[in-house]
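Let's take a walk through a protein model together. Keep the 3D view open as you read.

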Amino acid sequence: RHKFWETQPVGQFKDLNDTSMPEGPIEPPTAISEVKQEPYNLPNLYEWVTCDMNSEDTCAEVYNLLSNNYVEDDENMFRFNYSKEFLRWALHPPGYYKTWHIGVCVKSSKKLVAFITGIPARIRVRSDVVSMAEVNFLCVHKKLRSKRLAPVMIKEVTRRVHLENIWQAAYTAGVVLPTPITSCQYWHRSLNPKKLIDVGFSRLGPRMTMSRTLKLYKLPDLPVTPGFRKMELRDVPAVTRLLRAYLMQFVVAPDLDELDVEHWVLPKEGVVDSYVVESPENHTITDFCSFYTLPSSILGHPTHSILKAAYSYYNVSTKTPLVQLMNDALIVAKQKGFDVFNALDVMHNESFLKELKYGPGDGKLHYYLYNYRIKNILRPSELGLVLL
Ligand code: NHW
Ligand code: EN5
(Lines give C-alpha, C1' and ligand atoms only; values in the text may rest on other atoms or scores of the structure.)
(Ligands and ions follow the chains in the order given, each with its own letter.)
Protein backbone atom coordinates (compact mmCIF):
# COMPACT_ATOMS: atom_id res chain seq x y z
CA ARG A 1 0.00 0.00 0.00
CA HIS A 2 2.78 2.53 0.81
CA LYS A 3 5.59 1.53 -1.55
CA PHE A 4 7.70 4.53 -0.50
CA TRP A 5 6.89 4.94 3.18
CA GLU A 6 7.41 1.19 3.80
CA THR A 7 11.11 1.74 3.00
CA GLN A 8 11.56 4.66 5.44
CA PRO A 9 12.48 4.72 9.15
CA VAL A 10 9.01 5.67 10.36
CA GLY A 11 6.51 3.77 12.50
CA GLN A 12 4.76 1.14 10.36
CA PHE A 13 1.06 0.23 10.69
CA LYS A 14 1.94 -3.44 11.19
CA ASP A 15 3.97 -2.58 14.32
CA LEU A 16 1.29 -0.47 16.02
CA ASN A 17 0.46 -3.19 18.56
CA ASP A 18 4.06 -4.23 19.17
CA THR A 19 4.91 -3.12 22.70
CA SER A 20 8.43 -4.61 22.62
CA MET A 21 9.86 -1.91 20.35
CA PRO A 22 11.71 0.78 22.32
CA GLU A 23 10.98 4.51 22.13
CA GLY A 24 13.59 6.64 20.38
CA PRO A 25 15.55 6.63 17.11
CA ILE A 26 14.57 3.84 14.71
CA GLU A 27 17.98 3.74 13.00
CA PRO A 28 21.29 5.06 14.38
CA PRO A 29 23.09 8.00 12.78
CA THR A 30 25.90 7.19 10.33
CA ALA A 31 29.14 9.09 9.70
CA ILE A 32 28.49 12.17 7.56
CA SER A 33 31.13 10.85 5.15
CA GLU A 34 28.75 7.93 4.47
CA VAL A 35 25.91 10.23 3.46
CA LYS A 36 25.36 10.25 -0.31
CA GLN A 37 27.36 13.24 -1.61
CA GLU A 38 25.41 13.84 -4.86
CA PRO A 39 21.75 14.83 -5.17
CA TYR A 40 19.18 12.14 -6.08
CA ASN A 41 18.37 11.78 -9.76
CA LEU A 42 15.36 13.60 -11.13
CA PRO A 43 13.60 12.77 -14.41
CA ASN A 44 15.78 14.19 -17.24
CA LEU A 45 13.80 17.35 -17.98
CA TYR A 46 14.18 18.63 -14.39
CA GLU A 47 16.93 19.91 -12.12
CA TRP A 48 17.40 20.77 -8.43
CA VAL A 49 17.69 24.41 -7.37
CA THR A 50 18.37 25.90 -3.96
CA CYS A 51 15.84 28.68 -3.42
CA ASP A 52 17.19 31.91 -1.92
CA MET A 53 14.07 33.20 -0.20
CA ASN A 54 15.81 36.56 0.42
CA SER A 55 15.63 37.12 -3.33
CA GLU A 56 12.41 38.91 -4.21
CA ASP A 57 12.15 37.02 -7.53
CA THR A 58 12.71 33.56 -6.02
CA CYS A 59 10.29 34.28 -3.20
CA ALA A 60 7.69 35.37 -5.77
CA GLU A 61 8.21 32.16 -7.80
CA VAL A 62 7.73 30.03 -4.69
CA TYR A 63 4.69 32.09 -3.72
CA ASN A 64 3.19 31.59 -7.18
CA LEU A 65 3.81 27.81 -7.18
CA LEU A 66 2.21 27.42 -3.75
CA SER A 67 -0.69 29.80 -4.32
CA ASN A 68 -1.67 27.78 -7.40
CA ASN A 69 -0.76 24.23 -6.32
CA TYR A 70 -0.58 23.87 -2.52
CA VAL A 71 -3.09 22.36 -0.06
CA GLU A 72 -6.84 22.45 -0.77
CA ASP A 73 -9.77 21.23 1.32
CA ASP A 74 -11.45 17.95 0.35
CA GLU A 75 -13.99 19.69 -1.90
CA ASN A 76 -11.45 21.98 -3.61
CA MET A 77 -13.25 25.15 -2.54
CA PHE A 78 -10.28 26.77 -0.75
CA ARG A 79 -6.50 26.72 -1.21
CA PHE A 80 -3.88 27.92 1.30
CA ASN A 81 -2.40 31.24 0.21
CA TYR A 82 0.69 31.79 2.37
CA SER A 83 2.00 35.34 1.79
CA LYS A 84 5.58 36.06 0.68
CA GLU A 85 6.37 37.74 4.02
CA PHE A 86 5.00 34.66 5.80
CA LEU A 87 7.15 32.29 3.70
CA ARG A 88 10.27 34.38 4.40
CA TRP A 89 9.53 34.29 8.13
CA ALA A 90 8.66 30.59 8.18
CA LEU A 91 11.90 29.66 6.39
CA HIS A 92 14.38 31.97 8.17
CA PRO A 93 14.40 30.97 11.86
CA PRO A 94 17.65 31.15 13.86
CA GLY A 95 20.21 28.76 12.36
CA TYR A 96 18.30 28.02 9.13
CA TYR A 97 20.05 26.34 6.20
CA LYS A 98 19.52 27.82 2.74
CA THR A 99 20.29 24.37 1.26
CA TRP A 100 17.10 23.03 2.89
CA HIS A 101 14.91 25.30 0.70
CA ILE A 102 14.72 23.02 -2.28
CA GLY A 103 13.09 23.62 -5.65
CA VAL A 104 12.69 21.51 -8.77
CA CYS A 105 12.84 23.45 -12.07
CA VAL A 106 12.27 22.62 -15.71
CA LYS A 107 15.83 22.66 -17.15
CA SER A 108 14.93 24.46 -20.38
CA SER A 109 12.72 27.24 -18.99
CA LYS A 110 13.85 27.38 -15.31
CA LYS A 111 10.16 27.31 -14.35
CA LEU A 112 9.71 26.19 -10.71
CA VAL A 113 7.50 23.09 -10.60
CA ALA A 114 8.05 21.59 -7.16
CA PHE A 115 9.23 22.64 -3.70
CA ILE A 116 10.05 21.20 -0.27
CA THR A 117 11.64 22.80 2.78
CA GLY A 118 13.22 21.98 6.09
CA ILE A 119 14.07 24.24 9.02
CA PRO A 120 16.04 23.26 12.12
CA ALA A 121 14.26 22.89 15.46
CA ARG A 122 14.92 21.36 18.86
CA ILE A 123 11.96 19.16 19.70
CA ARG A 124 11.55 17.54 23.08
CA VAL A 125 10.02 14.06 23.16
CA ARG A 126 9.33 13.20 26.82
CA SER A 127 12.70 14.07 28.45
CA ASP A 128 14.79 13.77 25.26
CA VAL A 129 15.57 17.05 23.41
CA VAL A 130 16.26 16.08 19.79
CA SER A 131 17.69 18.20 16.95
CA MET A 132 15.23 17.82 14.13
CA ALA A 133 14.18 19.25 10.80
CA GLU A 134 10.64 20.49 10.46
CA VAL A 135 9.60 19.64 6.91
CA ASN A 136 6.89 21.72 5.27
CA PHE A 137 5.68 23.23 1.96
CA LEU A 138 6.00 19.99 -0.02
CA CYS A 139 4.33 20.84 -3.30
CA VAL A 140 4.31 19.34 -6.79
CA HIS A 141 2.69 21.28 -9.63
CA LYS A 142 -0.78 19.93 -10.44
CA LYS A 143 0.37 18.85 -13.93
CA LEU A 144 3.21 16.70 -12.50
CA ARG A 145 1.25 14.78 -9.89
CA SER A 146 1.32 10.99 -9.36
CA LYS A 147 4.70 10.55 -11.07
CA ARG A 148 6.48 9.57 -7.83
CA LEU A 149 8.29 12.93 -7.66
CA ALA A 150 7.38 13.43 -3.97
CA PRO A 151 9.44 10.43 -2.74
CA VAL A 152 12.52 11.78 -4.58
CA MET A 153 12.02 15.20 -2.98
CA ILE A 154 11.61 13.69 0.46
CA LYS A 155 14.79 11.64 -0.02
CA GLU A 156 16.68 14.73 -1.19
CA VAL A 157 15.63 16.86 1.79
CA THR A 158 16.52 13.92 4.05
CA ARG A 159 19.99 13.75 2.48
CA ARG A 160 20.58 17.49 2.98
CA VAL A 161 19.38 17.26 6.58
CA HIS A 162 21.74 14.32 7.19
CA LEU A 163 24.64 16.40 5.80
CA GLU A 164 24.07 18.76 8.78
CA ASN A 165 24.28 15.79 11.16
CA ILE A 166 20.55 15.83 11.89
CA TRP A 167 18.73 12.47 11.83
CA GLN A 168 15.13 13.15 12.89
CA ALA A 169 12.28 15.23 11.51
CA ALA A 170 8.77 16.40 12.40
CA TYR A 171 6.01 17.09 9.88
CA THR A 172 2.24 17.29 9.58
CA ALA A 173 -0.16 16.34 6.82
CA GLY A 174 -3.89 16.29 6.18
CA VAL A 175 -3.52 12.73 4.85
CA VAL A 176 -2.87 9.54 6.81
CA LEU A 177 0.64 8.16 6.34
CA PRO A 178 2.65 5.57 8.31
CA THR A 179 2.10 6.44 11.17
CA PRO A 180 0.73 9.45 13.09
CA ILE A 181 2.02 10.25 16.60
CA THR A 182 -1.36 11.95 17.01
CA SER A 183 -4.32 13.03 14.87
CA CYS A 184 -5.86 16.41 15.56
CA GLN A 185 -9.17 18.00 14.68
CA TYR A 186 -9.48 21.47 13.13
CA TRP A 187 -12.02 23.76 14.83
CA HIS A 188 -13.36 27.02 13.38
CA ARG A 189 -14.78 30.11 15.09
CA SER A 190 -16.81 32.36 12.74
CA LEU A 191 -15.88 36.04 12.97
CA ASN A 192 -17.61 37.14 9.76
CA PRO A 193 -20.45 34.59 9.47
CA LYS A 194 -22.18 36.31 6.54
CA LYS A 195 -19.09 36.00 4.32
CA LEU A 196 -18.31 32.46 5.53
CA ILE A 197 -21.78 31.35 4.52
CA ASP A 198 -21.66 33.27 1.21
CA VAL A 199 -18.47 31.50 0.15
CA GLY A 200 -19.50 28.03 1.36
CA PHE A 201 -17.04 27.85 4.24
CA SER A 202 -19.91 27.33 6.65
CA ARG A 203 -23.67 26.84 6.45
CA LEU A 204 -26.65 28.37 8.14
CA GLY A 205 -27.39 25.95 10.99
CA PRO A 206 -30.76 24.19 11.17
CA ARG A 207 -33.48 26.50 12.57
CA MET A 208 -31.02 29.42 12.30
CA THR A 209 -31.71 32.66 10.44
CA MET A 210 -28.94 34.98 9.24
CA SER A 211 -29.80 37.55 11.91
CA ARG A 212 -29.71 34.94 14.71
CA THR A 213 -26.37 33.73 13.35
CA LEU A 214 -24.86 37.25 13.28
CA LYS A 215 -26.02 37.75 16.86
CA LEU A 216 -24.62 34.39 17.99
CA TYR A 217 -21.11 35.24 16.78
CA LYS A 218 -21.10 38.93 17.80
CA LEU A 219 -18.07 40.07 19.81
CA PRO A 220 -17.21 43.21 21.81
CA ASP A 221 -15.06 45.85 20.04
CA LEU A 222 -12.26 45.77 22.62
CA PRO A 223 -10.51 43.08 24.70
CA VAL A 224 -11.88 42.88 28.24
CA THR A 225 -8.75 41.80 30.18
CA PRO A 226 -7.03 44.73 31.98
CA GLY A 227 -3.38 44.93 30.84
CA PHE A 228 -3.99 43.05 27.57
CA ARG A 229 -1.63 44.58 24.97
CA LYS A 230 0.47 43.75 21.93
CA MET A 231 3.71 41.90 22.75
CA GLU A 232 6.94 43.97 22.44
CA LEU A 233 10.65 43.11 22.16
CA ARG A 234 11.13 43.80 25.89
CA ASP A 235 8.62 41.01 26.67
CA VAL A 236 10.75 38.29 25.06
CA PRO A 237 12.43 37.09 28.30
CA ALA A 238 9.13 36.90 30.22
CA VAL A 239 7.25 35.25 27.35
CA THR A 240 10.08 32.72 26.92
CA ARG A 241 9.87 31.81 30.62
CA LEU A 242 6.08 31.45 30.44
CA LEU A 243 6.20 29.36 27.28
CA ARG A 244 9.03 27.07 28.42
CA ALA A 245 7.25 26.34 31.70
CA TYR A 246 3.95 25.73 29.92
CA LEU A 247 5.36 23.47 27.18
CA MET A 248 7.07 21.22 29.77
CA GLN A 249 3.82 19.37 30.45
CA PHE A 250 3.40 18.04 26.90
CA VAL A 251 4.91 14.80 25.60
CA VAL A 252 6.12 16.44 22.36
CA ALA A 253 6.91 20.17 22.27
CA PRO A 254 9.53 22.56 20.90
CA ASP A 255 12.44 23.55 23.14
CA LEU A 256 12.40 27.32 22.64
CA ASP A 257 15.03 29.83 23.77
CA GLU A 258 14.78 33.63 23.70
CA LEU A 259 16.13 33.85 20.15
CA ASP A 260 13.45 31.40 18.97
CA VAL A 261 10.72 33.32 20.78
CA GLU A 262 11.91 36.60 19.28
CA HIS A 263 11.71 35.05 15.82
CA TRP A 264 8.55 32.97 16.18
CA VAL A 265 6.30 35.06 18.42
CA LEU A 266 7.29 38.70 18.30
CA PRO A 267 4.50 40.35 16.25
CA LYS A 268 5.19 40.66 12.53
CA GLU A 269 2.64 42.65 10.56
CA GLY A 270 0.37 40.40 8.53
CA VAL A 271 2.25 37.27 9.67
CA VAL A 272 2.07 36.69 13.42
CA ASP A 273 0.18 38.53 16.17
CA SER A 274 0.98 38.14 19.86
CA TYR A 275 -0.51 39.69 22.97
CA VAL A 276 0.53 39.66 26.59
CA VAL A 277 -1.35 40.43 29.76
CA GLU A 278 0.76 42.78 31.87
CA SER A 279 -0.45 42.91 35.44
CA PRO A 280 -1.68 46.46 36.18
CA GLU A 281 -0.51 45.93 39.81
CA ASN A 282 3.08 44.74 39.46
CA HIS A 283 3.75 44.88 35.69
CA THR A 284 4.63 41.20 35.43
CA ILE A 285 3.60 39.25 32.32
CA THR A 286 1.05 36.68 33.46
CA ASP A 287 -0.49 35.46 30.20
CA PHE A 288 0.18 35.40 26.52
CA CYS A 289 -1.64 34.42 23.31
CA SER A 290 -0.72 34.36 19.64
CA PHE A 291 -2.06 33.56 16.19
CA TYR A 292 -0.65 33.53 12.67
CA THR A 293 -2.17 34.80 9.43
CA LEU A 294 -2.84 32.23 6.71
CA PRO A 295 -5.37 33.35 4.13
CA SER A 296 -6.97 30.91 1.70
CA SER A 297 -7.91 31.61 -1.90
CA ILE A 298 -11.60 31.07 -2.49
CA LEU A 299 -11.77 29.04 -5.69
CA GLY A 300 -14.23 30.09 -8.36
CA HIS A 301 -16.39 32.51 -6.37
CA PRO A 302 -17.84 35.44 -8.32
CA THR A 303 -17.29 38.16 -5.67
CA HIS A 304 -14.96 36.94 -2.90
CA SER A 305 -11.40 35.81 -3.65
CA ILE A 306 -9.67 35.64 -0.24
CA LEU A 307 -10.69 34.16 3.09
CA LYS A 308 -8.74 35.83 5.89
CA ALA A 309 -8.00 33.19 8.53
CA ALA A 310 -6.16 33.44 11.86
CA TYR A 311 -4.67 30.23 13.28
CA SER A 312 -4.23 29.79 17.02
CA TYR A 313 -0.50 29.40 17.73
CA TYR A 314 0.90 29.30 21.32
CA ASN A 315 -1.18 30.46 24.28
CA VAL A 316 -0.28 30.43 27.97
CA SER A 317 -2.46 31.49 30.86
CA THR A 318 -1.31 31.61 34.48
CA LYS A 319 -3.74 34.23 35.81
CA THR A 320 -6.37 35.18 33.20
CA PRO A 321 -8.73 32.25 32.59
CA LEU A 322 -7.79 30.67 29.23
CA VAL A 323 -11.37 31.14 27.97
CA GLN A 324 -11.20 34.89 28.63
CA LEU A 325 -7.71 35.19 27.11
CA MET A 326 -8.81 33.39 23.95
CA ASN A 327 -12.00 35.44 23.77
CA ASP A 328 -9.78 38.55 23.75
CA ALA A 329 -7.79 36.92 20.92
CA LEU A 330 -11.07 36.52 18.98
CA ILE A 331 -11.93 40.17 19.66
CA VAL A 332 -8.62 41.54 18.35
CA ALA A 333 -8.68 39.15 15.36
CA LYS A 334 -12.18 40.35 14.48
CA GLN A 335 -11.03 44.00 14.75
CA LYS A 336 -8.13 43.20 12.40
CA GLY A 337 -10.56 41.97 9.75
CA PHE A 338 -10.14 38.19 10.01
CA ASP A 339 -13.13 36.18 8.77
CA VAL A 340 -12.46 33.05 10.83
CA PHE A 341 -10.28 31.94 13.75
CA ASN A 342 -9.01 28.36 13.44
CA ALA A 343 -7.54 26.13 16.14
CA LEU A 344 -6.50 22.52 16.62
CA ASP A 345 -7.49 20.45 19.67
CA VAL A 346 -3.83 20.47 20.82
CA MET A 347 -2.47 21.57 24.22
CA HIS A 348 -5.31 22.91 26.43
CA ASN A 349 -7.37 24.16 23.50
CA GLU A 350 -10.30 21.78 24.19
CA SER A 351 -11.02 23.82 27.32
CA PHE A 352 -12.12 26.87 25.30
CA LEU A 353 -13.25 25.57 21.88
CA LYS A 354 -16.89 24.75 22.65
CA GLU A 355 -17.32 27.54 25.17
CA LEU A 356 -16.18 30.14 22.62
CA LYS A 357 -18.47 28.74 19.86
CA TYR A 358 -15.90 27.04 17.69
CA GLY A 359 -17.31 24.17 15.62
CA PRO A 360 -15.42 21.11 14.30
CA GLY A 361 -14.23 21.37 10.71
CA ASP A 362 -14.13 18.68 8.04
CA GLY A 363 -10.32 18.56 8.15
CA LYS A 364 -7.87 16.67 10.33
CA LEU A 365 -4.18 17.25 10.85
CA HIS A 366 -1.91 14.26 11.47
CA TYR A 367 1.48 14.74 13.15
CA TYR A 368 4.52 12.60 12.27
CA LEU A 369 8.10 12.03 13.37
CA TYR A 370 10.78 10.68 11.02
CA ASN A 371 13.25 8.19 12.52
CA TYR A 372 11.83 8.43 16.03
CA ARG A 373 9.41 5.87 17.45
CA ILE A 374 6.81 6.67 20.08
CA LYS A 375 5.20 3.69 21.84
CA ASN A 376 1.58 4.79 21.99
CA ILE A 377 -0.33 7.24 19.85
CA LEU A 378 -0.74 10.49 21.82
CA ARG A 379 -3.92 12.33 22.63
CA PRO A 380 -3.94 15.73 20.86
CA SER A 381 -3.90 17.36 24.34
CA GLU A 382 -0.50 15.72 24.95
CA LEU A 383 0.97 17.57 21.97
CA GLY A 384 2.60 20.99 22.49
CA LEU A 385 3.71 21.63 18.91
CA VAL A 386 2.13 23.86 16.22
CA LEU A 387 3.66 23.74 12.73
CA LEU A 388 2.85 26.44 10.19
S1 NHW B 1 1.45 18.49 4.16
C2 NHW B 1 1.12 19.28 2.62
C3 NHW B 1 1.62 18.49 1.44
N4 NHW B 1 1.33 19.21 0.21
C5 NHW B 1 0.14 19.22 -0.41
O6 NHW B 1 -0.78 18.54 -0.01
C7 NHW B 1 0.03 20.13 -1.62
C8 NHW B 1 -0.82 19.57 -2.72
N9 NHW B 1 -0.35 18.27 -3.11
C10 NHW B 1 0.82 18.04 -3.77
O11 NHW B 1 1.57 18.94 -4.07
C12 NHW B 1 2.75 19.59 4.87
C13 NHW B 1 1.17 16.60 -4.07
O14 NHW B 1 0.00 15.83 -4.02
C15 NHW B 1 2.23 16.03 -3.09
C16 NHW B 1 2.43 14.52 -3.38
C17 NHW B 1 3.56 16.72 -3.29
C18 NHW B 1 1.78 16.14 -1.63
N19 NHW B 1 3.58 13.94 2.99
O20 NHW B 1 4.82 12.13 -6.18
P21 NHW B 1 3.74 11.19 -5.84
C22 NHW B 1 4.09 19.13 4.35
O23 NHW B 1 4.61 19.74 3.42
C24 NHW B 1 3.33 10.17 -0.50
C25 NHW B 1 4.37 12.87 2.82
O26 NHW B 1 3.35 10.22 -6.89
P27 NHW B 1 1.94 13.43 -5.71
C28 NHW B 1 4.78 17.95 5.01
C29 NHW B 1 2.29 9.14 -0.84
O30 NHW B 1 1.83 8.51 0.37
N31 NHW B 1 4.18 11.94 1.85
O32 NHW B 1 2.44 11.94 -5.32
C33 NHW B 1 5.62 17.13 4.04
C34 NHW B 1 3.05 8.21 -1.75
O35 NHW B 1 3.93 7.37 -1.01
P36 NHW B 1 3.50 5.85 -0.72
C37 NHW B 1 3.16 12.14 1.01
O38 NHW B 1 0.52 13.51 -5.32
C39 NHW B 1 6.27 15.97 4.76
C40 NHW B 1 3.93 9.19 -2.53
O41 NHW B 1 3.99 10.41 -1.73
C42 NHW B 1 2.31 13.24 1.13
O43 NHW B 1 2.33 13.78 -7.08
C44 NHW B 1 7.15 15.14 3.84
C45 NHW B 1 3.33 9.53 -3.88
O46 NHW B 1 4.20 10.40 -4.52
C47 NHW B 1 2.55 14.16 2.17
N48 NHW B 1 1.79 15.25 2.36
O49 NHW B 1 2.79 14.36 -4.71
C50 NHW B 1 7.83 14.01 4.57
N51 NHW B 1 1.40 13.18 0.14
O52 NHW B 1 4.55 5.26 0.18
C53 NHW B 1 9.04 14.51 5.35
C54 NHW B 1 1.67 12.07 -0.55
O55 NHW B 1 2.16 5.94 -0.01
C56 NHW B 1 9.76 13.35 6.01
N57 NHW B 1 2.73 11.43 -0.05
O58 NHW B 1 3.38 5.14 -2.02
C59 NHW B 1 11.00 13.80 6.79
C60 NHW B 1 12.18 14.11 5.83
C61 NHW B 1 13.35 14.71 6.56
C62 NHW B 1 14.09 13.63 7.39
C63 NHW B 1 15.37 14.17 8.11
C64 NHW B 1 16.15 13.11 8.93
C1 EN5 C 1 0.60 21.67 7.21
N2 EN5 C 1 1.12 22.89 7.73
O3 EN5 C 1 -9.28 20.69 4.93
C4 EN5 C 1 -0.78 21.82 6.71
N5 EN5 C 1 -9.31 22.61 6.06
O6 EN5 C 1 -11.38 21.83 8.90
C7 EN5 C 1 -1.11 20.75 5.69
N8 EN5 C 1 -12.79 23.18 6.48
O9 EN5 C 1 -11.09 24.63 6.46
C10 EN5 C 1 -2.33 19.95 6.04
N11 EN5 C 1 -14.81 21.21 2.37
O12 EN5 C 1 -14.86 22.70 8.02
C13 EN5 C 1 -3.60 20.72 5.97
N14 EN5 C 1 -15.91 24.63 7.62
C15 EN5 C 1 -4.83 19.90 6.18
C16 EN5 C 1 -6.06 20.77 6.10
C17 EN5 C 1 -6.43 21.14 4.68
C18 EN5 C 1 -7.48 22.20 4.59
C19 EN5 C 1 -8.76 21.77 5.19
C20 EN5 C 1 -10.54 22.32 6.75
C21 EN5 C 1 -10.24 22.13 8.23
C22 EN5 C 1 -11.50 23.48 6.54
C23 EN5 C 1 -13.83 24.20 6.46
C24 EN5 C 1 -14.33 24.47 5.07
C25 EN5 C 1 -14.93 23.25 4.42
C26 EN5 C 1 -15.33 23.51 3.01
C27 EN5 C 1 -15.80 22.24 2.37
C28 EN5 C 1 -14.92 23.77 7.41
C29 EN5 C 1 -16.95 24.47 8.58
C30 EN5 C 1 -16.86 25.63 9.55
C31 EN5 C 1 -18.05 25.71 10.51
C32 EN5 C 1 -18.10 27.09 11.16
C33 EN5 C 1 -19.25 27.21 12.11
C34 EN5 C 1 -19.22 26.10 13.14
C35 EN5 C 1 -19.14 24.73 12.50
C36 EN5 C 1 -17.97 24.63 11.57
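## What the words mean

A residue is called buried if 20 or more other C-beta atoms lie within 10 Å of its own, exposed if 12 or fewer do, and partly exposed in between, with the C-beta atoms placed from the backbone. Helices (H or I, at least four residues) and strands (E, at least two) are DSSP runs, numbered from the N terminus.

This is a predicted model, where local features need pLDDT of at least 70 and side-chain atom pairs count only at pLDDT 80 or more, while totals for chains, interfaces and linings use all residues. Residues are numbered from 1 along each chain as its sequence is written, and chains are lettered from A and ligands numbered from 1 in the order in which they are written.

## Helix 2 and its cover

Have a look at helix 2, residues 84-91. Its buried residues are F86, L87, W89, A90 and L91. What covers them? Among the covering elements are helix 1 (56-69), strand 3 (101-106), strand 4 (112-125) and strand 11 (285-293).

## The whole protein

The protein has nine helices and 17 strands. Its radius of gyration (taken over C-alpha atoms) is 21 Å. The globule rule (2.2 Å times the number of residues to the power 0.38) gives 21 Å for 388 residues, so the protein is as compact as a globular protein of that length.

Its C-alpha atoms fill a box of roughly 60 × 50 × 45 Å along the principal axes, and 36% of the 388 residues count as buried. Take contacts (C-beta atoms, placed from the backbone, within 7 Å) between residues at least 6 apart in sequence: 74% of them join residues at least 24 apart.

Strands pair if DSSP finds at least two bridges between them. Three strands make an open, antiparallel sheet in the order 2-12-13. Strand 2 (78-80) and strand 13 (306-307) are at the edges with a single partner strand each, so one side of each has no neighbour in the sheet.

Two bridges link strand 12 (residues 296-298) with strand 13. S297 has I306 of strand 13 as its bridge partner.

## Around ligand 2

Which residues come nearest to ligand 2? Of the 21 around it (C-beta atom, placed from the backbone, within 6 Å), they are G174, Y186, G359, G361 and G363. Strand 6 (168-173), strand 7 (182-190) and strand 17 (359-370) each give two or more residues to this shell, and strand 17 has the largest share, with five.

Key:
Two residues are in contact if their C-beta atoms, placed from the backbone, lie within 7 Å.
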